[in-house]
Amino acid sequence: MASIPRLRKLCYVEPVKCSPLGFESFESPKSEKESFEPPKVEKQLVDEIVVLDEQKRKKPKRGPREWRCVDYCCWIIGYMCTTWWLLLLLYHSLPANLPGLKVAEPPGVRLKREGVTALHPLVLVPGIVTGGLELWEGKPCSEGLFRKRLWGGSFSEIFKRPLCWLEHLSLDNETGLDPPGIRLRAVPGLVAADYFAPGYFVWAVLIENLARVGYEGKNMYMAAYDWRLSFQNTEIRDQALSRLKSKIELMYVTNGYKKVVVVPHSMGVIYFLHFLKWVESPPPMGGGGDPGWCDKHIKAIMNIGPAFLGVPKTVSSLLSAEGKDVAFIRAMAPGLLDSELLGLQTLEHALRVSRTWDSMISLMPKGGETIWGNLDWSPEEDYGCVSAKKTNMQPSGGINTNNTDGKRGLRVQESVKHGRIISFGKDASRLPSSQVPNLGSKEFVHATTSTNPNTSCGEVMTEYDEISRESIRKVAENKAYTARSLIDLVRFVAPKMMQRAEGHFSHGIAENLDDPKYSHFKYWSNPLETKLPDAPDMEIYCLYGVGIPTERSYVYKLSPSDRCRSIPFQIDSSADGSEDGCLKRGVSFVDGDESVPVLSSGFMCSKGWRGKTRFNPSGISTYVREYRHKPPASLFEGRGLESGAHVDIMGNVALIEDVLRVAAGATGEELGGDRIYSDILRMSERINIRL
């Protein structure tokens, strides 16, 4: 026991002598220290302690951690989000009377002062992607997300559990309905699609202005539905069409027997077109309404950004999950999306999930080569190469005009064959049709079933089935695909999806609309294969933006990646035209609203339904109302008060005013009739279709 104090003295007193701070040590006099000799065991303990102490001091400090690509990406996203929120905070905190920050008077306030008040009840129909989806039943990985938005909210779950999130957004590959153990449902009410994400409005601005003239929950309704499903499946699973019918009937009665004004947007336009046929068709396939149901209950249908005849960018989405934005990223950073180091496989996941959404097929181009052109011809030739900036400087073409002067567009010498929606190689997009090899339907079947056992990677997964590299090359070699042959191409790359979806959608032109086969629901969302209802007092409006370069056709190439389960096709971002040409980074552009070309938005109202035609036997009045795009003057103007972009147009002052006036009782003639800035009338004249 006596050795313990001596050990403490050696452990704690002796090291003080070597203190680097230079303090005086508390050691005993030299004579005492020399006369004292500790036992051998204690001396060994002291030596070990001193050695450990020296090792601690000499231990190298840990250097800075090496940053990975993922870390850089996260920091960039963080900086962008922080900057955005700071600008938003700055905008809302600064006084509104500062120069350049004065907010324009909302159209609802001005129209109320003029005496415009709510009259007809309103039904809003959202489009694809913009409607919120919430979780009602999920897998164990979704713990804590009951009734939380998995789509159309903060999207925080993407970063927390991305694979779980993707699994819950997917539909069943066989049925096109809910996968086992998962239930996602549309968010009900006006909040379903007022904002897509915090700060990014969809319907919010229009709803706010409607409220200023007297609209509220009792006379305004958001017809939310699960936009992933085929239109008939929304009725089979959720009875969405039946609920919409009942709601329109209720609003008609409770608002003094005033007819309803319906305002659909984007894909919601063809969803409501399906409803028009469903509601008057006999059960069990239809809603069992009287033949005059639409004429009795609906005053007007104001279609915003309509995709009546489909959207070419749908094809690129189904083929390789790409568009102009992805092509731009590939041109700026070629290795980012294809990096094996990152291993994110973002496009592969997006493609896998989107091919379970049958609604995507409803947006495929309709009307074949008659509408969209062939290898040598398209309605937009010589008129599509328009710069948005230059368009805004041109004369508007007048209001309430039938002017067909093609000089409003920017003509270029470069000949672009937009009818070739998909071309493999830049040469295939321009060669004479006689030199472009064609792959018939029988060859597609043969290509799908062929295999190559010698491939180094096994097989390439394009959807859920495996297709050999040899077959992929055969489909791609210097070939071009029009709206007619595209159907075969999509069947080749997404066979299971097309097997499901082709039972719900059709993309042709009816020869005889009285043929009993057109009573099937698969034809009801195609305006070229169905009749409008017998409703001569109803009005139909096509409201859309113009003056923005919009995707129309693509130049593709085989993907250089040999990884299994990689996407075998990609847009050739190196393919460019002349400086003022239509072809940029593998994408050809025409006039439109950035998503939907003018041809798809305006043809039915300008020609297909104009007057009494076989598609419009009762002569429903149709009006074309175009909104010429004007980008915001400054950052503080947000997304612009005169934007013509596909979603941003929902905040366009002129469009909001048109909707408010019709809802208050105005007719198309009182609005001023047609307002046309594009070449839609000339394009329509070039389309040879029997009316």
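Me: Why is arginine 355 called buried?
Reply: The relative accessibility of arginine 355 is 1%. The cut-off for buried is under 20%, and therefore arginine 355 counts as buried.

Me: Where does arginine 355 lie, and which backbone oxygen does its side chain reach?
Reply: Arginine 355 lies in the loop between helix H15 (346–354) and helix H16 (368–372). Its side chain reaches the backbone oxygen of leucine 318 at 2.4 Å.

Me: What makes helix H13 mostly covered?
Reply: Helix H13 spans residues 313–320, and six of its eight residues are buried. These are Thr314, Val315, Ser316, Leu318, Leu319 and Ser320.

Me: What covers the buried residues of H13, and which residue follows the helix?
Reply: The cover includes H15, strand E10 (422–424), helix H20 (486–493), helix H21 (495–501), strand E15 (548–558) and strand E16 (569–571). Alanine 321 follows H13 and has a positive phi, near 60 degrees.

Me: Which residues of helix H8 are buried, and what covers them?
Reply: In H8 (residues 204–212), the buried residues are Ala204, Leu206, Ile207, Asn209 and Leu210. Among the elements that cover them are helix H5 (107–113), strand E1 (122–125) and helix H23 (653–663). Just after H8, glycine 214 takes a positive phi of about 115 degrees.

Me: How do you know what confidence the predictor has in the protein?
Reply: The pLDDT, which expresses that confidence from 0 to 100, averages 82 over the protein. A score of at least 70 is reached by 74% of the residues. Over residues 1–36, however, the pLDDT is below 50, and it is also below 50 over residues 386–413.

Me: Why should coordinates be read with caution where pLDDT is low?
Reply: Where pLDDT is low, the predicted coordinates should not be read in detail.

Terms used. Residues are numbered from 1 along each chain as its sequence is written. This is a predicted model: local features need pLDDT of at least 70, side-chain atom pairs count only at pLDDT 80 or more; totals for chains, interfaces and linings use all residues. Side-chain values use heavy atoms; hydrogens and water are left out. Helices (H or I, at least four residues) and strands (E, at least two) are DSSP runs, numbered from the N terminus. Buried means under 20% relative accessible area, exposed over 50%, partly exposed in between (1.4 Å probe, protein chains only). A polar contact is a pair of N or O atoms within 3.5 Å; within protein, one must be able to donate a hydrogen and the other to accept it, and residues adjacent in sequence count only if both atoms are side-chain atoms. Contact means heavy atoms within 4.5 Å.
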